[in-house]
Structure formats: C-alpha cells, structure tokens
Amino acid sequence: MSSSSIGAAASDASVVTIGGTYRKVTPPLPSLLLLSPKFSSANSSITLKVSPNYSNPQATKNQTQRNSPKSRSIVLQDALFTFHRMFNSRPRHQIYALTKVLGSIVKMGEYQTVLSLIQKMQRSGVEVDVYTINMAINCYCLLNRADLGFALLGSIFKRGFVPDEVTFNTLIKGLFSQGKSSEANNLLIKLVRENLIEPDVRTYRTLIKGHCKSGDTLAAIELLSYMRKHNIEADTLCYSMIIDSLCKDRMVGDAMSLFAEMIEKGISPDVVTYTSLIQGLCNFGLWEEVSQLLREMMKQKVSPNLRTFSILVDALCKEGMVREAEGVVEFMIQIGEVPCLVIYTSLMNGYCLQGQMENARKVFDSMVNRGLEPDIICYSILIKGYCKNGRIDEAMHLFKEVPCKGLNYNVVIYNTMLQGLFENGQCAAARELFDEVFSKGLQPNVPIYNVMINGLCQEGLFDEAKELLISMEGCGCDPDAVTYNIIVQGFLKGSWCYEALLLMEKMVERGFSPDASTISILEDILAAKGQDSSLFDMIKNFVPKH
C-alpha cells in the first residue's frame with residue numbers, strides 16, 4: 001500500500017493536511033495503515049510517552065473506589081434518605097421533585113425499589129403524573145415484565161392522561177428485551193392505524209435498535225425503507241445501528257452501500273458509524289479501505305474514540321503488525337486519549353504472538369506504571385506467551401504472582417499453564433498442578449480435561465488418560481467430540497488400537513464423529529500390511545467409503 005492512501009502530512013508538525021488543511025496541534029496519523037514501519041529500528045523501545053492529560057494512578061484508584069459495591073450502596077442510601085425527607089416534609093415537595101430523585105435511583109439499577117416507592121406515593125394520596133407512570137413502566141420493562149407495563153398503560157387512560165411517545169417507546173423496548181419482536185411491530189402498526197400517536201424518529205429508532213440487537217438486520221432495513229417511503233427522516237443513529245448490525249453479520253459491502261446512501265442524503269456519520277465500518281473492514285483485513293475511511297473521518301473532523309483505537313490495535317496485532325499497532329497507541333497519547341486496559345492487552349498479545357516476549361513484558365510493566373491494574377486475562381496472555389516460547393520458569397513465576405496481586409485463579413489460567421507444562425515436557429508438574437485446581441475450589445472444565453488427556457497420551461500414560469476420562473464423567477463434566485478424538489488419536493498412535501476402537505464406538509453412540517485427523521490415522525493403519533483381520537474389519541466400520 002502506498003503512503004498516499006492515508007493522505008500527506010504537512011511538513012509543519014503542528015498542522016496536518018488531509019485533503020486540505022485539517023487543524024492545528026493534531027499530530028499526523030501514524031504510518032500503521034501505510035504498512036510501513038513507524039520506527040527506524042526493529043527493536044525500538046515500546047516505552048510510551050506520557051500525555052499531560054493522562055490520568056494519574058491515584059485518579060484511577062479513586063474511580064475504582066467510586067464504582068465499588070460499597071460506594072454504590074452509600075449513594076443509594078443517600079438517595080433514599082433524600083426521597084424520604086422530601087416525602088415526609090410539610091408542605092410536601094411537588095411530584096416532579098420526587099420523581100427526579102426516583103430517576104437517579106433508576107440509574108442505579110434499583111428498579112424494584114423505585115416501584116415500591118411509587119406505590120408508597122400512591123397509597124399516601126400523591127397524584128402521580130405521566131412522567132412518573134412512564135418511569136414505572138420502564139422499571140417493569142427492565143425487569144422483563146412488559147405485561148405489567150401494559151397494565152399501567154390502562155392506568156394512564158383511567159387517570160385522564162394521554163400516553164406520549166415515551167410511553168410507547170418504552171413498551172416497544174420492553175417487548176424487544178423479552179424477544180417479542182413481532183408484538184413490538186404489531187404495537188407500532190396499532191399506533192399508526194388507530195392514530196393513538198404520530199410515531200416520530202425516536203419510535204422508529206427504538207424499533208431499529210430492537211431488531212438489530214435481536215439479530216434481525218433485514219427487519220431493521222425494511223423499517224428504514226418504510227421510513228423513506230413515508231417521508232420520515234432517519235437520523236445518524238438509525239443508519240449507524242443498521243451499519244453496525246450489517247458489519248457484525250459480515251455484510252460489509254452492504255454496510256458501505258448504506259454508508260454511501262447516508263452521505264448522499266446529507267446525514268453526517270459520527271464516530272460510532274465510522275468505528276462500526278472500521279471494525280467490519282478490519283475483520284476482512286481490508287487495510288486500504290480502512291485507511292481511506294480514516295482519512296475521510298479526519299477530513300470530516302470526526303475524531304476516533306477509545307473504541308476506534310481499540311479495534312485498530314487489536315486487528316493490527318492479530319495480523320502480526322505489532323509495530324503499526326504501537327504507532328496507534330503513540331498517536332492516541334499524542335492527541336490526549338488515554339489507552340485502556342483492553343488496548344494494552346491487545347498490544348501485549350500481539351508481541352506474544354510474534355515471540356517478542358521482552359517487548360510484551362515492557363507493555364505489561366508500562367501498563368502497571370501508568371496506574372492500570374492487570375487483570376487475570378493479562379496474566380493468562382503473558383503466561384501463554386512465555387510457555388509458547390519455552391520460557392516455562394518465567395511463566396510459572398508469573399503464575400505464582402497472580403494471588404499476590406489480589407487476583408483469583410480461574411480455569412482459563414490453569415488451562416494455559418497446564419498446556420505450557422506439557423508442551424515443555426514437564427508432565428509431573430502438570431499432574432501436580434491439575435490436582436491443585438480442586439484444592440482452589442475450582443471445577444475443571446472440558447478444555448482442561450482435554451489438555452490433561454492429550455498430555456498424558458503424548459507421554460504414553462494411556463491408563464491414566466483412560467482413568468481421567470472416566471473420572472471426568474463422574475464429576476458431571478461430559479466429554480465432547482474434541483475429548484474423544486484426542487484420546488482415540490492418542491491410543492491409535494500408541495498402538496492401543498482395540499481400546500481406541502471401543503472408545504470410538506462409545507463416541508459414535510453419543511452422537512460424535514471422528515474428525516479428519518482420526519480418519520487419517522485409521523486409513524494409515526488400514527494401508528499397513530500384516531494387520532489383524534478382526535482389527536481390520538473393525539476399523540473399516542469407521543472409515544468412510546470413497
């Protein structure tokens with residue numbers, strides 16, 4: 001890809017030219033999408049420059065404390081105290097003031113509490129308004145009880161109020177949340193037919209969102225077509241939701257066509273629109289199209305957000321373009337965006353996949369120095385990288401560090417460590433670690449058993465592998481097709497052919513089929529001379545006729 005695909009930067013570093021003068025102070029986009037290295041040395045340092053806008057470790061810690069369950073409980077108690085003080089005061093505060101406090105409690109997710117308080121208001125003779133009833137309907141819908149929300153709709157009519165767009169939009173959203181998309185559509189039809197309200201763009205937006213979330217992109221597109229036909233102007237959000245849904249369905253061509261229509265109609269795409277398209281294009285490795293979209297995005301003065309950068313970094317790392325991904329992170333910091341844990345994790349994983357463990361560790365350390373606390377996923381990625389590169393001692397050291405950092409082991413990190421031990425010929429250590437899983441109060445899952453059975457078979461410990469399969473079933477962890485193929489292949493390679501065929505019979509009885517590797521081993525046995533005739537006949541039952 002040529003350097004012109006992104007657009008040229010002006011010689012003055014403080015001004016960027018992308019199809020014309022863009023704006024001052026914003027540094028040029030990194031050369032990541034030009035597929036040309038940003039750094040002059042292949043071993044360039046990955047220590048990133050600190051942005052003056054970067055939040056310090058103490059700020060990060062304070063944010064975590066504010067989001068803790070204890071902190072949320074205190075906020076809730078404060079809100080309840082305010083509500084009861086206002087409710088019990090004489091003269092009593094007006095309904096809108098009480099409803100405002102209730103709204104803050106709804107945002108905390110305390111839906112049942114809000115419903116109880118509204119019932120208390122009604123029992124005390126407080127005259128609720130449409131806004132309060134809409135809030136109660138919303139709470140019922142969020143509790144997956146849209147039926148009770150509809151019951152309250154009758155109460156609106158009974159009190160002589162007129163339900164508004166918010167009332168019906170809330171009910172439509174509630175129906176979608178319970179998977180009742182046809183009922184949601186029927187409600188819209190009824191509203192239009194009976195002239196109850198004139199649905200506005202917000203109503204259609206709610207329906208489009210519901211269809212997209214339920215995976216029915218076609219219904220969302222048909223709704224957009226209906227809006228066009230009836231001269232209802234769709235907005236940026238309507239188009240963005242459908243574009244995002246199309247990209248998730250891997251229909252990027254259709255998404256780009258809809259994007260072109262959006263531009264033609266004079267509807268300005270926002271960062272969400274661009275980000276959805278960038279992700280769709282990244283999924284197919286269409287880097288030139290990504291660069292063109294980024295160029296257009298910057299030209300329209302739409303700045304990439306954290307999600308945009310996260311998608312770019314992750315996609316580049318998976319494509320093996322780690323230095324380009326590093327360039328994205330550098331660019332983020334230069335424009336004042338703070339890289340999050342997800343971005344650092346992607347970058348670290350990219351270096352691990354390339355076998356550059358020193359750089360992966362530097363990313364890990366840089367993340368810690370910036371006040372971000374690595375989670376169990378970060379440790380799993382780094383441990384896996386060390387194991388894949390034969391540095392098992394460093395992997396084990398990191399594994400033992402996990403509880404010291406206040407993190408709890410999970411089955412994923414045990415799976416990673418067990419696989420690493422077997423791959424590095426440390427079978428005894430793997431068996432010891434497997435026993436430790438139970439002592440930590442964890443229940444091994446199918447992938448862990450698969451790793452153990454495969455490792456034992458590779459070591460020729462077929463009796464132990466068979467015993468583990470039996471104990472696996474005894475623990476209520478049912479073997480899957482992968483489990484059976486692993487142990488059958490292990491037995492066949494170890495010349496335990498009769499035992500392997502008995503397991504294959506059991507495998508087929510359970511509805512699983514031998515995979516291509518298993519069939520290939522069986523065909524090799526059939527092709528070999530001097531086989532026992534009865535064994536030969538048994539094998540033929542499992543090999544498909546060509």
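Begin at Asn231, which sits in the loop between helix 10 (217–229) and helix 11 (236–248). Helices here are DSSP runs of H or I with at least four residues, strands are runs of E with at least two, and both are numbered from the N terminus. Keep in mind that this is a predicted model, in which local features need pLDDT of at least 70 and side-chain atom pairs count only at pLDDT 80 or more, while totals for chains, interfaces and linings use all residues. Residues are numbered from 1 along each chain as its sequence is written, and side-chain values use heavy atoms, leaving out hydrogens and water.

What stands out about the backbone of Asn231? Its phi is positive, about 60°, although Asn231 is not a glycine. Asn231 is also exposed, with a relative accessible area of 71%. (Buried means under 20% relative accessible area, exposed means over 50%, and partly exposed lies in between, using a 1.4 Å probe and protein chains only.)

Now move along to Arg250, in the loop between helix 11 and helix 12 (252–264). Arg250 is another residue other than glycine with a positive phi, near 65°. With 48% relative accessibility, Arg250 counts as partly exposed.

Next come the charged pairs. How many salt bridges does the structure hold? There are 13 of them. A salt bridge here is a side-chain nitrogen of Lys or Arg within 4 Å of a carboxyl oxygen of Asp or Glu.

Take Arg228 and Glu261, whose side chains meet in a salt bridge at 3.0 Å, N to O. Arg228 belongs to helix 10 and Glu261 to helix 12, so this pair ties together parts that are 33 residues apart in sequence. Arg228 itself is partly exposed, at 33% relative accessibility.

Because Lys388 lies in helix 19 (residues 376–388) and Glu423 in helix 21 (residues 411–423), the bridge ties together parts 35 residues apart in sequence. Glu423 is partly exposed, with a relative accessible area of 43%.

In a further salt bridge, Glu473 meets Arg510, with the closest N and O atoms 2.5 Å apart. This pair links distant parts of the chain, 37 residues apart: Glu473 is in helix 24 (residues 462–474), and Arg510 is in the loop between helix 26 (497–509) and helix 27 (516–527). Arg510 is partly exposed, at 38% relative accessible area.

Finally, look for Glu358, Arg391 and Glu394, which are linked in a network of salt bridges.
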